[in-house]
Amino acid sequence: MNLLQIEIFVKVVDIGNFTKAGEILAMTQSGISHNIASLESELGIKLLNRGRNGISLTDSGERIINNMRNILSEAESIKQEAASILGIQNGKINIGSFSSFASKVLPTIISRFKREFKGIEIDFYEGSYDQITRWVEEGKVDIGFTSLSNPMDHLEATTIVRDRLVAIVPIHHHLAINEQVKAEELQGEAFIMPQLGCEVSVKKFLQEQEVSPNIEFNVEENQTIIAMVREGLGITIIPELALPYNLAGTIVKPLLPEPFREISIITRSKKQPLPAVKEFIKTTMDCIKELQL
């Protein structure tokens, strides 16, 4: 068993396809298959199920995958520490984020980081709050940007942004003339509930204020939500970072009381962060401070 075999196995699991994994690793599909078969033969167990619908982990593979990720992470840590001793900046980090933070804030952070650490490769994964938390737990990503509803003992979480929730109403809506929308004014209003994690903060606010709007639609895409609000199909509440650039036909109103979602940067608490991860976290903190989020 060698590091290449382990890297191939983990990449195939993450991508879910032999051919695409081969393209990323600059290997042929036969080369990928051969290495997986050799790894299974050496370990004496079957790691992957292969079928018409793609690949999936066997029970044995499920038990081993986290160990494989840990081996790759430790090997990367050794390489980065050695590079640091030699005064060389190289290595790789994996980052996970939800869409609105990824589109509005993360490009600035990555750009700043890449200017200073040109030799550090960054792999990016986008997903929901729960997916990002799971990826950090499994070791698929080294750093996660997410919104945690509850602190977790096995994760190191630092709140970096308090993202205000705001109401979006059509320009001719009766609430459009108000300077702010009071929570009680949402009672019974036709409402479009955002998804992909935003709904956790929105529902918490509504429950705390003991108001029940009439939820007409549950929608994932923020631009679709704005289009539906524009057409008078309902009002909505979304975080400011999730606001699309095109808000024509709608008005953004602050809420009273003012709710927030807390965005955190998370890593595994029992694992010593890679040198590059420490530097990326530092860059993140510097950018957040400068952006005054």
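Entry 1: I began with Phe 280, which, leaving aside its neighbours within four places in sequence, is in contact with Ile 93, Ile 95, Leu 106, Ile 109, Ile 110, Phe 113, Ile 122, Ile 143 and Phe 145 (contact means heavy atoms within 4.5 Å). I note that this is a predicted model, in which local features need pLDDT of at least 70 and side-chain atom pairs count only at pLDDT 80 or more, while totals for chains, interfaces and linings use all residues. Residues are numbered from 1 along each chain as its sequence is written, and side-chain values use heavy atoms, with hydrogens and water left out.

I then looked up the largest nonpolar core, which has 34 residues, of which Ile 93, Phe 101, Leu 106, Phe 145 and Phe 280 touch the most other members. Helix H10 (residues 275–291) gives the most to this core, with five residues. Apart from this core I found another, of 18 residues, among them Phe 9, Val 10, Leu 47 and Ile 64. A nonpolar core is a set of buried Ala, Val, Leu, Ile, Met, Phe, Trp, Tyr and Cys residues joined through side-chain atoms within 4.5 Å; buried means under 20% relative accessible area, exposed over 50%, and partly exposed in between, with a 1.4 Å probe and protein chains only. Helices (H or I, at least four residues) and strands (E, at least two) are DSSP runs, numbered from the N terminus.

**Entry 2: aromatic rings.** I searched the whole structure and found six aromatic pairs, where rings of Phe, Tyr and Trp (its six-membered ring) pair if their centres lie within 6.5 Å, and planes under 30 degrees apart count as stacked, over 60 as edge-to-face and the rest as tilted. Phe 98 and Tyr 129 form an edge-to-face pair, 5.2 Å centre to centre with 90° between the planes, and both residues are buried. The rings of Phe 101 and Phe 145 are stacked, because their centres are 4.8 Å apart and their planes lie at 25°. This pair links helix H5 to strand S5 (residues 143–146), 44 residues apart in the chain. Phe 101 counts as buried at 0% relative accessibility, and Phe 145 counts as buried at 0% too. Ring pairs link Phe 98, Phe 101, Tyr 129 and Phe 145 into a cluster.

**Entry 3: Lys 11.** I finally looked up Lys 11, which is found in helix H1 (residues 3–15). Lys 11 is buried, because its relative accessible area is 10%. Leaving aside its neighbours within four places in sequence, Lys 11 has contacts that include Lys 92, Asp 123 and Tyr 125.
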